[in-house]
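Please look over this model with the notes below.

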Amino acid sequence: MTDQHTVGATTKEIVYDDWVVRAFTVATMVWGVVALLAGVLIASQLPFWQANFGVSWLSFGRLRPLHTNAAIFAFVGNMMFAGIYYSTQRLLKTRMASDLLSRINFWGWQAIIVAAAITLPLGLSQSKEYAELIWPIDILVAVVWVVFAANFFWTMAIRNEPNLYVGLWFYIATVVTIPVLYIVNNLHLPTSLLHSYSVYAGVQDGLVQWWYGHNAVGFFLTTPILGIMYYFVPKAADRPIYSYRLSVMHFWALVFVYIWAGPHHLLNTALPDWAQTLGTVFSIILLAPSWGGMVNGLLTLRGAWDRLRTDPVLKFFAAGITFYGMSTFEGPLLSIKSANALGHYTDWIVGHVHGGALGWNGFMAAGMLYWLVPRLWNTKLRSVRLAETHFWMGTFGILLYMVAMWINGVNQGLFWRALDADGFLKYPDFIQGLANSQMLYVARLAGGVAYLTGFVLMVWNLWLTARGGKATESRVTVAVPDATPDPGVWDLAKGAPAVLSVAALVLALLLGRANPVIAAVILAGGIILVVAAILIAHDLRKAPTSWHRRVERAPLAFTLFVLVTILIGGLVELIPSIVIRHEVPLAAAEAVQPATAPAAAAGDATVVPAVSKWKQKPYSPLELEGRDIYVAEGCYNCHSQMIRPFRAETLRYGEYSRLEEFIYDRPFQFGSKRTGPDLHRVGGKYPNLWHYQHLMDPRSTSPGSNMPDYAWMKTAHLDTSRTAKKLQVMRTLGVPYTDAEIGRAVDGAREQAAAIRDDLARQNVRIDADTRMVALIAYLQRLGRGPQPAAAPVVGSR
């Protein structure tokens, strides 16, 4: 609260803290280059497997999480903080409450990014998308976010502007929702300083993860950027926001609906149908508020369209908002089960994600930076021509990228599901489809290089701009508002809009559980509620101050309403899966697999294991260690472990996956992309020698594969000093390991490893038993079947 000097009885001079804005602005550009460089490298590894360089920490599986975390938390995260710190001070007409908290926020966030950049290439990962960071870093994230939130709400408490502008609404939603999502999804029980297991397992873990994953996109990559849009677009266009009422509807509908849509990432899987249906319905509904925001942003440019020809800032903002509209149309489209059946696991999803990340987030970041940097350094943009060049290179790059991935994705989906006239696989060789994708992987790489080049031009341009100016602090004189108390929470909660919203929600929840007779009564009540809402709305228009205007003057009430709004969907979706947590293992413990799997039919060129009967059992100590290696190497980035109930998939991979098969999987490994085939039934499909050869040189068993080789694993020592501790933690989480199994965990691992070593030795392969490769082979041989030896596989052509 320093640097605020009283000028008169009703005015005050404010010196804004622009140091923290400049710091986050510089970090945005630096980490943006790093994120894009990592993206270009992993994009090159798809058509050119040699770009993995045979080095563990440069392999695709380890670098892909580094790229996504750098893009989301380093690039967009720093951009978000820069925009929030700049606009919040000016919207509230006060300096940030604490310079110290602002600096802790900045340096703490950079420490998180550096920690991620070190640990992820080393294979220290939780393997959950957008939540890969290990548990000590998770705690640091939570602490830094609390610091940010405390500073934000403290600043709001000392504001000199009574009403909260629309941009602040979206910031509040972000500040409140992110800790809820992050903490719930990252509940882990540590086994060591660098390793832990999720408290959730299997399908439950998948549901929680994609509740988090989808809403991390919603409340980290969308709501704060929308808040930035609502501040910077009117500033750049010198026009007021198009519609206040549309802003209100956009905000509350988006915040309420978004939180329900996560299950659409798990359509056609072992996730219960009710959860899939909820995800689909709310994802389709989400189109309305999303496009409401897009329309509001684009129409704010009315009267300024002619300036798009000459102003690169407006170019980037207009294009970014357009990409937002494209992404928020594509998302609901892909949440329809039939479209999802085609697009899921394919490159279509990759194109969709990058359209949002590079088109929406990237272009909004560029527009903000081009507008912001000259003002932070009190100068003019060094080169408009360079900015124009950046815009067109970036647009070309992202469009080339997206179109290449759209085409690849549709081709892959059709290729995998194609059946011949007899109903068998038309293209049984998975690698053939991968080979067909290579040309467009090169196009994807070219698009990424173009986008990166444009971004580097921006960094160069803005560096020259800052170098030609001088960093200054902004000083303004503001009016001190009357010391009137904010409206009370309870008074606002009793207001007609709040009461009607609660009533509508209760009726909707009751309708979901009602029989036909009760449903008719509830629908009748809904009609009455609609009529009442119309009548009340007519009366509220006569009030001198609307209910929502009063809410905007009450930050505490506004924040609580947002919190309740986002909690509703999360509780409805997650509680049922938590409640049945103890029932599923009881049923699954008696689950018995079919005596034999379907044999390979004529024309079905797959290898189908004949599986003996087995009861669901936990992983053996060596298999558990092998699974941890699978997680550390990021194999889930290219391989799924979820066979959907489609004929083409069961012909290609085997029996479709069932919920009870994953009850001991912590974390779940369903995957979201198939650069390689599904592995859920790979156990027993090939002998140990095949897996050894495949890991040493994937091209030796699968010509045309782009998988990196893992020859280094042959000599990498397997540390079993924590194996017993891992089993103990698993037992604490509900896995039925006995004292005897835990006591001889190391001996059991050694015995199973020795059996694999001896099997390979009989085929003239020399390998030590205590290596990571042997443990990984043990895990792969376990997938989709019990831990005891299986019958000999039925082998077909590949």
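**Notes on the model**

1. Helix 25 gives four residues to the lining of the second largest cavity, the most of any contributor. Helices here are DSSP runs of H or I with at least four residues, numbered from the N terminus. Two or more lining residues also come from helix 2 (60-92), helix 15 (430-436), helix 24 (647-653) and helix 30 (772-782).

2. This is a predicted model, in which local features need pLDDT of at least 70 and side-chain atom pairs count only at pLDDT 80 or more, while totals for chains, interfaces and linings use all residues. Residues are numbered from 1 along each chain as its sequence is written, and side-chain values use heavy atoms, with hydrogens and water left out.

3. The second largest cavity holds about 670 Å³ of space. Its lining has 43 residues, and those closest to the centre are His 639, Pro 677, Leu 679, His 694 and Met 707. A cavity is a set of points on a 1 Å grid over the protein atoms alone, where a 1.4 Å probe fits but cannot get out; lining residues have an atom within 4 Å of a point. Volume is the space filled by probe spheres set on the points, which are joined across faces, edges and corners. The count is ten cavities of 30 Å³ or more.

4. Where does His 691 sit? His 691 belongs to helix 25, residues 688-696. It counts as buried, at 4% relative accessibility; buried means under 20% relative accessible area (1.4 Å probe, protein chains only). Leaving out residues up to four places away in sequence, His 691 touches Val 682, Tyr 686, Ile 777, Leu 780 and Gln 781. Contact means heavy atoms within 4.5 Å.

5. The disulfide count is zero. The rule asks for a pair of cysteine sulfur atoms within 2.5 Å. For Cys 635, the nearest cysteine sulfur is that of Cys 638, 8.3 Å away. Seen from Cys 638, the closest cysteine sulfur is in Cys 635, and 8.3 Å is too far for a bond. Cys 635 is buried, with a relative accessible area of 15%. Cys 638 is buried too, at 17%.

6. Please check the confidence scores. The protein chain averages a pLDDT of 89, and 89% of the residues score at least 70. pLDDT is the predictor's confidence in each residue, from 0 to 100. Over residues 582-614 the pLDDT is below 50, yet this stretch has 70 contacts in the model beyond near neighbours in sequence. Residues 787-798 also have pLDDT below 50, with 28 such contacts.

Conventions:
Buried means under 20% relative accessible area, exposed over 50%, partly exposed in between (1.4 Å probe, protein chains only). On a 1 Å grid over the protein atoms alone, a cavity is a set of points where a 1.4 Å probe fits but cannot get out, and a pocket is an open set with protein on both sides within 12 Å along at least five of seven lines; lining residues have an atom within 4 Å of a point.
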